[in-house]
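Here are some exercises to work through with the structure open beside you. Try each task before reading its solution.

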Amino acid sequence: MKLIIMGQVGSGKGTYASRISKAMDILHLSTGELLRQEIKNETEIGKRAKIFVEKADWSAKEIHDIIMELLKKEINKPEASNGFIFDGFPRTLDQAKDLEKITDIDTVINLNVPEKMLLDRITNRRTCKKCGTVYNLISVPPKKAGICDKCEGELYQRTDETEEMTKHRMEENDRCTNPVLEFYRNKGLVIEIVNDNPEALPNEVVERILDKLKKVKTE
Ligand SMILES: [Zn+2]
């Protein structure tokens, strides 16, 4: 199956995409991860992409072309013979239209999580300055307030995880991806996965997604 997973900042789409790819034996394609790999391995693509990735400049024509080139290579790999799941792509309507030129898409999974739940999840995150372990003051609190369980490092709130920055990132995300969702809705490809239970375990959500995908397949 050829899938796309979409969802707001903090909706857990990376986690779900990774689990779905394992369950269905399809390739997980995270454009952010792929670009980081290319840069790390100092490939031709990596060298060209580096400057854009470092500046988080996703609007330039060149990075758009680099990503398309990279994805074309990935979806033709033998590992993608069963299909793939795109995570973090397409981000814009232009990308969605260009994607059509290199592959068709069977289904778009849209993770629908209430904004309040996302905000609670993100703004309660604390990261260890020393070892990078991530805590959540509500769901995974450290044993001692402000101190890492593993290395006793100091916990801090990342600047992009404050309420103000999170809201800003969400608005930006909506602005870019709403037209993409609309594009796929018009084609009848979108399945909605509502996740409004903060207690739901990732596995339960994944099971629901897999169930819905089976129904789409047999329709
Ligand atoms: Zn630590």
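Two strands pair if DSSP finds at least two bridges between them. Helices (H or I, at least four residues) and strands (E, at least two) are DSSP runs, numbered from the N terminus. The model is a predicted one, in which local features need pLDDT of at least 70, side-chain atom pairs count only at pLDDT 80 or more, and totals for chains, interfaces and linings use all residues. Residue numbers start from 1 along each chain as its sequence is written.

**Exercise 1.** Find how many bridges join β2 to β3, and which residue of β3 is the bridge partner of serine 30.

*Solution.* Start with β3, which covers residues 84-87. Its link to β2 consists of 4 bridges, and the two strands run parallel. Now go to serine 30: its bridge partner in β3 is aspartate 87.

**Exercise 2.** Work out the strand order of the open sheet and name its edge strands.

*Solution.* First, follow the pairing across the sheet: the 5 strands come in the order β2-β3-β1-β4-β8, with parallel pairing. Next, look for strands that pair on one side only; these are β2 (27-30) and β8 (190-194). As a reminder, strands of a sheet pair through backbone hydrogen bonds, either parallel or antiparallel.

**Exercise 3.** Locate the largest nonpolar core and list the contacts of isoleucine 85.

*Solution.* Begin with the terms. A residue is buried if 20 or more other C-beta atoms lie within 10 Å of its own, exposed if 12 or fewer, and partly exposed in between, with C-beta atoms placed from the backbone. A nonpolar core is a set of buried Ala, Val, Leu, Ile, Met, Phe, Trp, Tyr and Cys residues joined through C-beta atoms within 7 Å. The largest such core here has 25 residues, and Ile5, Tyr16, Ile85 and Phe86 have the most contacts inside it. Elements that each supply at least two residues of this core include β1 (2-7), α1 (13-24) and α8 (202-218).

Then turn to isoleucine 85, using contacts defined by C-beta atoms, placed from the backbone, within 7 Å. Leaving out residues up to four places away in sequence, isoleucine 85 touches Leu3, Ile5, Ala17, Ile20, Ser21, Ile26, His28 and Leu29.

**Exercise 4.** Is glutamate 42, with its positive phi, buried or exposed?

*Solution.* Glutamate 42 is not a glycine, yet its phi is about 50°. It sits in the loop between α2 (31-40) and α3 (44-55).

Key: Contact = placed C-beta atoms within 7 Å.
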